[in-house]
Amino acid sequence: MTRWLTDDEMRAWLGYRRLRTLLDLQITRDLAADSGLSDADYDVLSTVSDAPDHRMRLGELAAAIRWSVSRLSHHVSRMQQRGLVTRDDCASDGRSATVVLTEAGWATIQAAAKLHVASVRRHFVDLLDPADLAALATISGKVLAHLEQVTPPDPARRASARTQRDKLAGMDTAD
């Protein structure tokens, strides 16, 4: 039997969906206007910039940002053409590549981060009081803890988890 959403639950869910859509749209517009970066560029640059020596194995980066290695590899190739990153062979695994920030990539993410955080403050953080922020941190922590369990970072494990869930639900995944 389906447990339909109550009016309050529906209002909260639809409010979240609308907030996410409009906030992501505004932050993405600001990021592009301020730095010329896409969300995808920013995700790659900011994640690699936090890694030791600004280097990260392609597979680890893909898992960290929840992308397939294939998708990331294509995106990294485009970023290479723009001089933001390079791709080196991985010393410990000849089959893997390492994504490395260039000096231009490092300068780009440093400049973009300042403007990006200003946009996040202007359109989100500064609109909330400390109690709102604490409640949001609690809510996001609960939901993220659940999602980390049901959505592993590795695409192969995600497919396996989907197959397991479908089997448990009595669905055939062969279609």
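Student: What makes residues 171-175 a stretch to be read with caution?

Tutor: Over residues 171-175 pLDDT stays under 50, and the model has three contacts (heavy atoms within 4.5 Å) for them beyond four places in sequence. Where pLDDT is low, predicted coordinates should not be read in detail. For the protein chain, the mean pLDDT is 88, and 84% of the residues reach 70 or more.

Student: Which conventions apply to the model?

Tutor: The model is predicted, so local features need pLDDT of at least 70 and side-chain atom pairs count only at pLDDT 80 or more, while totals for chains, interfaces and linings use all residues. Residues are numbered from 1 along each chain as its sequence is written, and side-chain values use heavy atoms, with hydrogens and water left out.

Student: How many helices and strands does the protein chain have, and in what pattern do they follow one another?

Tutor: Helices are DSSP runs of H or I with at least four residues, strands are runs of E with at least two, and both are numbered from the N terminus. By that rule the protein chain has seven helices and three strands, in the pattern α-α-β-α-α-β-β-α-α-α along the sequence.

Student: Why is helix H2 described as largely enclosed by the rest of the structure?

Tutor: Buried means under 20% relative accessible area, exposed means over 50%, and partly exposed lies in between (1.4 Å probe, protein chains only). Eight of the 11 residues of H2 are buried, so H2 is largely enclosed by the rest of the structure. Among them are Ala40, Tyr42, Leu45 and Ser49. For the protein chain of 175 residues, 25% count as buried.

Student: Why is Ser49 called buried?

Tutor: The relative accessible area of Ser49 is 13%, and the limit is under 20%, so Ser49 is buried. Ser49 lies in helix H2 and, apart from neighbours within four places in sequence, contacts His54, Leu101, Trp106 and Ile109.

Student: What makes the phi of His54 worth noting?

Tutor: Most residues other than glycine have a negative phi. His54 is not a glycine, yet its phi is positive, near 55°. His54 sits in the loop between H2 and strand S1 (55-57), and at 21% relative accessibility it counts as partly exposed. Arg66 also has a positive phi, of about 65°, although it is not a glycine. The place of Arg66 is the loop between H3 and helix H4 (69-81), and its 30% relative accessibility makes it partly exposed.

Student: How do H2 and H3 pack, and what is the hand of their crossing?

Tutor: Axes are lines fitted to C-alpha atoms, for helices over the stretch in contact, and angles run from 0 to 180 degrees between N-to-C directions. On that basis H2 (residues 39-49) and H3 (residues 58-65) pack at about 115°, with axes 10 Å apart. The crossing is right-handed. In the contact, Asp43, Val44, Thr47 and Val48 of H2 meet Leu61, Ala64 and Ile65 of H3. These residues divide into five nonpolar, one polar and one charged; Ala, Val, Leu, Ile, Met, Phe, Trp, Tyr, Cys and Pro count as nonpolar, Asp, Glu, Lys and Arg as charged, and the others, Gly among them, as polar.

Student: Is Ser119 buried or exposed, and how do you know?

Tutor: Ser119 has 1% relative accessibility and therefore counts as buried. Ser119 lies in helix H5 and is in contact with Ile27 and Asp30, leaving aside neighbours within four places in sequence.

Student: What makes Leu31 buried?

Tutor: At 3% relative accessibility, Leu31 counts as buried. Leu31 is in helix H1 (residues 7-35), and its contacts beyond four places in sequence include Gly36, Tyr42 and His116.

Note on methods:
pLDDT = per-residue confidence, 0-100. Left-handed = near helix turned anticlockwise from the far one by under 90°.
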